[in-house]
Amino acid sequence: MLHPQEILTTLDMLRHEHLDVRTVTLGINLFDCARRDPVRACAAIRRKIRDKARHLVAVCDEVGDKYGIPVVNKRIAVSPIAAAAAPLDAEGMLQVAHTLDETAEASQVDFIGGFSALVEKGIAAGDQALMKALPRALAETGRVCASVNVASTRAGINVDAVLRMAEIIKEAAALTADADGLACAKLCVFANIPQDVPFMAGAYLGVGEPDAVINVGVSGPGVVKSAVERALAANPELDLGRISELIKRTAYKVTRVGELIGREVAERLGLRFGVVDLSLAPTPNVGDSVGEIFQSLGLVSIGVPGSTAALALLNDAVKKGGAFASSNVGGLSGAFIPVSEDLNISEAARRGDLGLEKLEALTSVCSVGLDMVALPGDTSVETLAGIIADEMAIGVINKKTTACRLIPVPGKAAGDHARFGGLLGESVILPVNHAAGPNPFIRRGGLIPAPIQSLVN
Amino acid sequence: MNKVIISVLGQDRPGIIAAVSDLIFRQDGNIENVSQTILQSEFSAIFIVSLPRSLSLEQLRAALQAGLEPLGQHIHVKPVLPGTPAYVPAPDREPFVITTRGPDRKGLVARITAVIARYGINVTNLQAVFKGGDAPGDNVMIYEVDIPADVDQKRLRRDLRAEADALDLELSIQHRHIFEALNRI
């Protein structure tokens, strides 16, 4: 017999607190699709994805119905195309991007990730071709997401790649100038990219993963916020240790939902279940915001002093709860702080409570990085590269994932408003210190060596 | 050894279970299963008890009545018949939970369970969680059911939703595992 409270809390999470399975992401290995001829490579890729993803959407919907938990997005992540299509030139890579886009549409998934390259120690021929194709690939397709790993704790930071990515971001923004540089919202530059992230835009299927695998992303900032508020209403004297415990328990519950759904989807598709990634991933809806959690904890706004400590508490509690709930926790698992995608964070930026520098500090303890940050259109390549390099350094030194999803909005200046639409949201354009200036440090290029692993302090 | 089922109903007060179990013990009976609950101010319990063959049903009933009437409790005693049960659950079935939420009204349970019964689905537990109080429109009913594998769930869901809409209720049907996964270690 179930206790009524078990049923009522579950229903409340679903009805009022936006609990859902944010994404079921099918990882598909494409290494066996490598061909010298782009037409044949594209045909092989199309065949393999269509075959593996044939029942994905129907099965996700069936399982979602069975448990009464909506699977909001169904997505596909593929092997890094720079390696899977390494023999192709930039033109061939572009054809692959279009093939991925069409196949995603035919498979009824909203995003396909993996137009990716891993270049933390050097740029190979396939990587070069993919990077050259990136701006047009992002501008000409709607569903293709790209990621490039330019740094890792074991390899250091490839500053040549950082600089190249800054150029690519500028080009992609220019190609979609009429949509506020929208193409950049589908591109992540990473340090220590995890190979099993189900969330976009960073999802790809890493080397060493199975031929096909189901990874699940669960969210639930609204659930955490409500739990904190309920607990504080019952006991206003609750200290931070107790609040952390509460968030941990809540994260446990949400993660269990993801695992239950993920395992059943994988079983019905006859595939391996990979990981569940519990990330507090906001949407631009009231009640589905990470920023609101900061206010529930007692901060006036995300960005004011105390915010980094609050985020550290939140991120760690989420990871602990997730790790206890499932032995297959992976991906990013923690709290995202995407500026435009979170109504509350976007508002904090507009009010001036949150600037680029504080955001950067927050990323040293959040689960990703500078995410969906709108910058002035005249931000120079070198300044952009400098911002990316700083963010990569935080990840490399702290042995964590960091990423940049930056949008230099063409023709707009700090204080102007950028609109990306839908889940990507909107945001004020943040001022950048020394935006348009040169940066000879970054221009030196080369590799910043991997950090020492002893003398930790 | 005879098996009987005893039900006890009456206003709740301390000492009812002590009295019932003492009476059973004095008749050399053994309590095998008990389910007991309190609804508002009313006590209710059912006991399955094994008794020595020498004890008749009438003797037991007389002893229980004598002991429990002073406590304001009504009893009913019935033999548990060996042999074929009246209902054999489908071997292939899945546990689901149907919840409705909305204004209380007459006939609500009758109309929802009519749909459930029409599909040959057995209700294994039914609870009314909240009635009246600060939010009279927020009456929650929880039906735990076993749905046989051969039931067309799409049709069942459609029919239940139609009934719920007519009653102005929010209805959900979810596999039981979601509640266990979320709340239990």
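**Exercise 1.** Determine in which hand α5(A) passes α6(A), and classify the orientation of the two helices to each other.

*Solution.* In this predicted model, the crossing of α5(A) with α6(A) is right-handed. The helices concerned are α5 (residues 90–106) and α6 (residues 125–140) of chain A, whose axes come within 8 Å and cross at roughly 50°. Angles under 35 degrees count as roughly parallel and 65 to 115 as roughly perpendicular; α5(A) and α6(A) are therefore oblique to each other.

**Exercise 2.** Characterise the packing of α3(B) with α4(B) by orientation and by contact residues.

*Solution.* The axes of α3 (residues 108–118) and α4 (residues 153–166) of chain B come within 10 Å and cross at roughly 170°. Angles over 145 degrees count as roughly antiparallel, and α3(B) and α4(B) are therefore assigned to that class. B:R111, B:I112 and B:V115 of α3(B) meet B:D159, B:L160 and B:E163 of α4(B). The contact has three nonpolar and three charged residues, but no polar ones.

**Exercise 3.** State the domain bounds of chain B and the separation of the domain centres.

*Solution.* The domain assignment gives domain 1 (2–79) and domain 2 (93–183) for chain B. Taken over C-alpha atoms, the centres of these two domains are separated by 32 Å.

Notes
Residues are numbered from 1 along each chain as its sequence is written. Chains are lettered from A and ligands numbered from 1 in the order in which they are written. This is a predicted model: local features need pLDDT of at least 70, side-chain atom pairs count only at pLDDT 80 or more; totals for chains, interfaces and linings use all residues. Axes are lines fitted to C-alpha atoms, for helices over the stretch in contact, and angles run from 0 to 180 degrees between N-to-C directions. Helices (H or I, at least four residues) and strands (E, at least two) are DSSP runs, numbered from the N terminus. A crossing is left-handed if the near helix is turned anticlockwise from the far one by less than a right angle, and right-handed if clockwise. Two residues are in contact if their C-beta atoms, placed from the backbone, lie within 7 Å. Ala, Val, Leu, Ile, Met, Phe, Trp, Tyr, Cys and Pro count as nonpolar, Asp, Glu, Lys and Arg as charged, and the others, Gly among them, as polar. Domain bounds come from an automatic or database domain assignment.
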